[in-house]
Amino acid sequence: MLSRSRALFAVFAMSASSFTSLMAAEPTNRLIGEKSPYLLQHARNPVDWYPWGEEAFKKARAERKPIFLSIGYSTCHWCHVMERESFENEEIAAFMNAHFVNIKVDREERPDVDRVYMTFVQATTGGGGWPMSVWLTPELKPFVGGTYFPPEGRGGQPGFLEVLKQISEVWREDRARIVESSERVMEALRQSAAPSGETAAAELPVSVMPRAYGQIARGYDARLGGFGGAPKFPRPVTLEFLLRMYAGNPESENGRHALEMTLHTLRAMAAGGMHDQLGGGFHRYSVDARWQVPHFEKMLYDQGQLAGAYASAFQITGEAEFAEVARDICDYVLRDLTAEGGAFFTAEDADSLIVAGQPAHAEGAFYVWTQPELVAALGAETAAKFAEAYGVSADGNVPASADPHGEMTGKSVLYLANDAKELDDARKKLFAMREQRPRPHLDDKILTAWNGLMISGLARAGAVLDEPRYLAAAAKAAGFLRGNLTKDGRLPRSFRGEPGRVLGFADDYAFLIQGLIDLYEAGADIAWLQWATELQETQDQLFWDAGHGGYFTTSGDDPSVLLRMKEDYDGAEPSPNSVSALNLARLAGLLDRPAWRERAENTVTAFRSQLTHQPTALPQMLVAVDFLAAKPRQIVLAGEDTKALRRVVWRHYLPDTVLLHADGGPGQKWLAATNEFLETVGPIGGKPAAFVCENYVCQLPVTDPAVLEKNLRVSASPR
């Protein structure tokens, strides 16, 4: 994800990726011993790269050299450009090696390092993105930063080698001024990152919710769906907030419009080229306002969140198209992003080989089609129908403005331009042909946090769609994480053949806890809820700010990370604080633990200033506010086999409700240890029973699924 800036050090460009250097028998640098696919991509660069760590820091201090820090990730289209143009260039690499200590960081593996220096780049250039390029003193303090640099100057932007020479000269001639400047910069960053808020929970900021809704509504694209102009991002956290606004008062004008904006956006995304019309799943974002031309990388965190969003839309509307999209997301992940042990890989690249065995790459090469290819595959008559349905034209359908390097000239991105109901066989045939093309690079590391998001998506979709495969896949992934990603009672950040050296951050705990709660509610296995409570207690010990509330991103046990920050933005991924606030509120409702509800309120209070001044920056936090503002509501399903009752519950969108399972066994006994209400709950007349309760005051239990269906239809009360 990139944002544009006119600043000197924040100009971006697009081009094809290249991984061919990894295949060559060339000398390696220190990255060859790393696990990260991104670092391994650079292991044969002529640049003398170091991983982030004391060896590099010690060298910089001993030789009094500045550090060049390059941060990216393995499926980053823009990162591949700079590698091919500059890091594989012998002249540039020689200069870098002579005058700098060069460090490579995978932002997905070290989000803590990325966040510190991204804050600096954004503050000093007005924009940010990846690849990120930052120059540091040997004490790791930044003094110059930017993103992509071309190898030679173009369009008023200096070339990378020119920038390197200028920085080297200034460092040599005026080092004291640079060091002094870096000290001032760090002090400013420390002040901006200083904790605020109070530990005592204040009144919930419910009043900001209508204002947040209004701001979102003003940015709504009523014609094309989505919010704002190009580029357009899915941002599921905004859709989740809007669905909560609808559920809170479905008959109000704002409630109806919140639903309309959400459904229109979901339909528009599903019809667009950002949605893989043949293979399922979603690309990262659309470069145009029409959702037609995507940036083609596929990220796991998008799939997990969007699967849940489309499942929610199906709950509300009952419309099959939403269920179909949720299914194709889940099926894509199970087919292409699932490791042998059941966990989920990180991403697929935007770029791929154009022709197998030849070195040329292009963005979208795996996905786009020419009209002659369709004719050869389908025959002239069917190809004509398919082209009309999916917007394929003889000259290609990608405008030049969306294809600056001409990689897609004459080619078409498939999107739903017209009815395609009779083209299932054609789609299957084209999908099978596409599978024979060279696939995009797969980032096959396993990230704890993103697996948590996908477990959530699969659990929710599995329950809503009544699809046992998805629930089983979510449980298998959770089992893999429990068996392989625990280290001395803590979560590692990643796994690739073995657990990574870097320990987990707040989002690893928060997102996995959310996934485990969803998996418990969907599948009734108490083991997932028990593990969620253990992880919540560990998260509180490691990351909670006892002085000001909220969760730090890091545990504070790595001295090389100069700032201990708190995430306060719900973007492509939600903030761990927003997710944690809702996790705590849900756990409090499930386990009757008032202290966790208070901590949820404290978390919200810690971000009161941000919520007041810019509520649309934290829509997922407002979801937690909505949950906390509602009356505590529980549904308890009692008995050994409650599947029929569970199906009824999951047909309804009940965002302010927790679902408890009382099976009469050890699980119910464990729940009753903190939730005394569950001691007496059980089947009625030998039949599984459902208890619908508010604040543990229940309606009469029902055993007939049809009666439960009727009760749930009338039980939701507007706020």
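1. For the lining counts below, Ala, Val, Leu, Ile, Met, Phe, Trp, Tyr, Cys and Pro are taken as nonpolar, Asp, Glu, Lys and Arg as charged, and the others, Gly among them, as polar. On that scheme, the residues that line the second largest cavity divide into five nonpolar, four polar and two charged. Please keep in mind throughout that this is a predicted model.

2. The second largest cavity holds about 80 Å³ of space, and its lining is made up of G273, H275, D276, Q277, L278, H283, F296, Y367, V413, L414 and R434. It is one of six cavities of 30 Å³ or more in the structure.

3. Two or more lining residues come from each of α10 (236–248), α12 (300–317), α17 (448–464), α19 (506–523), α21 (576–591), α24 (619–629), α25 (643–650) and β16 (657–662). By class, this lining has 17 nonpolar, 11 polar and six charged residues.

4. Leaving aside residues up to four places away in sequence, E521 touches R586, L590, R646, W650, T657, V658, L659 and H661.

5. A search of the whole structure finds two disulfides, and, with bonded cysteines counted along the chain, they follow the pattern 1-2, 3-4. One of them joins C76 to C79, with an S to S distance of 2.3 Å, and this link is right-handed, with 80° about the S-S bond. C76 counts as buried because its relative accessibility is 0%, and C79 is likewise buried, with a relative accessible area of 2%.

6. The other disulfide joins C693 to C698, with an S to S distance of 2.0 Å; the torsion about its S-S bond is about 90°, so this disulfide is right-handed. Its two cysteines fall into separate accessibility classes: C693 counts as buried at 1%, whereas C698 is partly exposed, with a relative accessible area of 29%. A further residue, C330, has a relative accessibility of 0% and therefore counts as buried.

7. Turning to open space, the second largest pocket holds about 1,100 Å³ and is lined by 34 residues, of which A270, H275, Q277, Y390 and L416 lie nearest its centre. At least two lining residues of the pocket are supplied by each of α11 (253–271), α13 (320–336) and α16 (424–434).

8. Which element gives the most to the lining of the second largest pocket? That element is α13, with eight residues. By class, the pocket lining has 15 nonpolar, six polar and 13 charged residues, which may be set beside the 17 nonpolar, 11 polar and six charged residues that line the largest cavity.

Note on methods:
Residues are numbered from 1 along each chain as its sequence is written. This is a predicted model: local features need pLDDT of at least 70, side-chain atom pairs count only at pLDDT 80 or more; totals for chains, interfaces and linings use all residues. Side-chain values use heavy atoms; hydrogens and water are left out. On a 1 Å grid over the protein atoms alone, a cavity is a set of points where a 1.4 Å probe fits but cannot get out, and a pocket is an open set with protein on both sides within 12 Å along at least five of seven lines; lining residues have an atom within 4 Å of a point. Grid points are joined across faces, edges and corners, and a volume is the space filled by probe spheres set on the points. Helices (H or I, at least four residues) and strands (E, at least two) are DSSP runs, numbered from the N terminus. Contact means heavy atoms within 4.5 Å. A disulfide is a pair of cysteine sulfur atoms within 2.5 Å. Buried means under 20% relative accessible area, exposed over 50%, partly exposed in between (1.4 Å probe, protein chains only).
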